[in-house]
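How do two packed helices come to be described by an angle and a distance?

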Amino acid sequence: MTETSTSKIQAQLRILLQLTNTEAQVAQVRTAQARTDAVRRELTENGQNAEERARLISTAIRELGGYQDVVTPAMGRIAALVKTPLEQIEPLSEALLQDLQLEHQLLDRARYLLVLAKAADLPRITALAERLIEAHSATVDWLTTVLAEEALGGPAALAPTPLQRVANVATRAAVLPNRLAVQSVNRSVHTVQRTAEQARTRIADLGGKAAGLAGGAREVLTSGRNASLERAERVARRGGDRRTAEAVHETRTETGALRADELPIKGYDNLTTSAAVAQIKKLTEVEDVRAIMAYEEAHKGRSGVASAAQTRIAAIAKDVAGV
């Protein structure tokens with residue numbers, strides 16, 4: 001093994017170490033955005049695995065005669081800490097695309113390291129490179145699936161932060177081809193809500209003075225919102241405004257405001273957890289699974305059912321993305 005090949009391998013290992021520390025830090029941030037407990041456990045495990053890979057890379061550097069590097073790991077963590085607040089002004093999809101870019105770079109460098117290690121006849125570095133390739137290939141597939149979920153309308157395995165929700169809405173509004181459609185929705189909803197608005201405002205004011213709404217008051221507000229949206233959709237359909245009606249119906253679906261008899265699974269309210277999971281596995285359209293998941297989160301809150309719905313969406317997204 002020549003000195004040049006050793007230097008090349010050490011250089012790649014140091015870059016991989018920095019990127020892996022960034023990856024571990026990002027995993028911690030993403031864990032807080034997990035939509036279900038199953039996804040949260042998976043992300044927690046991913047973060048722990050990234051930290052383990054960083055330790056293995058550091059060991060490999062020392063075995064090749066490299067010195068202890070305390071700067072490179074810190075740079076990786078700092079890069080993630082800088083990335084996190086900046087991505088809050090972007091839609092979730094943009095943040096995930098940046099995560100995917102990071103994983104692709106890690107994967108490509110691991111493949112390059114594998115060739116270098118084989119050429120230098122270093123079995124331990126070869127084994128390390130193969131482990132890195134396997135890990136990053138799996139993460140690339142996972143992120144590709146999450147992006148596909150988001151592209152299909154979600155809900156994705158990761159939920160946007162409040163600021164990212166604002167960015168998502170702003171982005172959609174900016175590219176909406178017909179602003180008149182938005183105005184039409186606003187007018188319809190405003191019309192049917194006008195008579196109830198003052199009452200809800202007074203309830204909210206009283207709740208604020210009492211340091212927050214009680215559960216019963218929140219339920220009343222939610223019921224009022226749901227009823228208003230349903231009336232808005234009915235008014236639009238009666239007036240022949242199909243576009244507005246569909247937009248309001250989509251809003252009702254996303255907020256879990258559909259009635260049980262509007263759900264794609266008949267008799268859903270009467271199903272046990274196991275029966276609901278079995279029916280969800282039969283759904284083939286993302287829109288149908290999304291409607292069930294939103295309704296479940298808004299009305300029942302059964303974590304097992306929510307996880308099953310998320311798993312089904314992931315399966316559909318994988319098929320569409322070809323993962």
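This is a predicted model: local features need pLDDT of at least 70, side-chain atom pairs count only at pLDDT 80 or more; totals for chains, interfaces and linings use all residues.

Two packed helices are described by the angle between their axes and the distance between the axes. For helix α5 (residues 123–151) and helix α12 (residues 303–321), the angle is about 100 degrees and the axes lie 8 Å apart. Angles of 65 to 115 degrees count as roughly perpendicular, and α5 and α12 are therefore roughly perpendicular to each other.

The contact itself can be followed residue by residue. From α5 come Thr144, Thr145, Ala148 and Glu149, and they meet Gln310, Ile313, Ala314, Ala317, Lys318 and Ala321 of α12. By type, the residues of this contact of α5 with α12 are five nonpolar, three polar and two charged. An α-helix has 3.6 residues a turn, so residues three or four places apart point the same way.

Helix α5 has 29 residues and spans 42 Å from its first C-alpha to its last, close to the 42 Å expected at 1.5 Å a residue. Just after α5, Gly153 has a positive phi of about 105 degrees.

Helix α12 has 19 residues and covers 26 Å between its first and last C-alpha, close to the expected 27 Å. Buried residues in α12 include Val305, Ala306, Ser307, Ala308 and Ala309, as well as Gln310, Ile313, Ala314, Ile316 and Ala317. Among the elements that cover the buried residues of α12 are α2 (37–63), α5, α10 (273–280) and α11 (286–300). Just after α12, Gly322 takes a positive phi of about 70 degrees.

Key:
Residues are numbered from 1 along each chain as its sequence is written. Side-chain values use heavy atoms; hydrogens and water are left out. Axes are lines fitted to C-alpha atoms, for helices over the stretch in contact, and angles run from 0 to 180 degrees between N-to-C directions. Helices (H or I, at least four residues) and strands (E, at least two) are DSSP runs, numbered from the N terminus. Angles under 35 degrees count as roughly parallel, over 145 as roughly antiparallel, 65 to 115 as roughly perpendicular and the rest as oblique. Contact means heavy atoms within 4.5 Å. Ala, Val, Leu, Ile, Met, Phe, Trp, Tyr, Cys and Pro count as nonpolar, Asp, Glu, Lys and Arg as charged, and the others, Gly among them, as polar. The expected span of a helix is 1.5 Å times one less than its number of residues. Buried means under 20% relative accessible area, exposed over 50%, partly exposed in between (1.4 Å probe, protein chains only).
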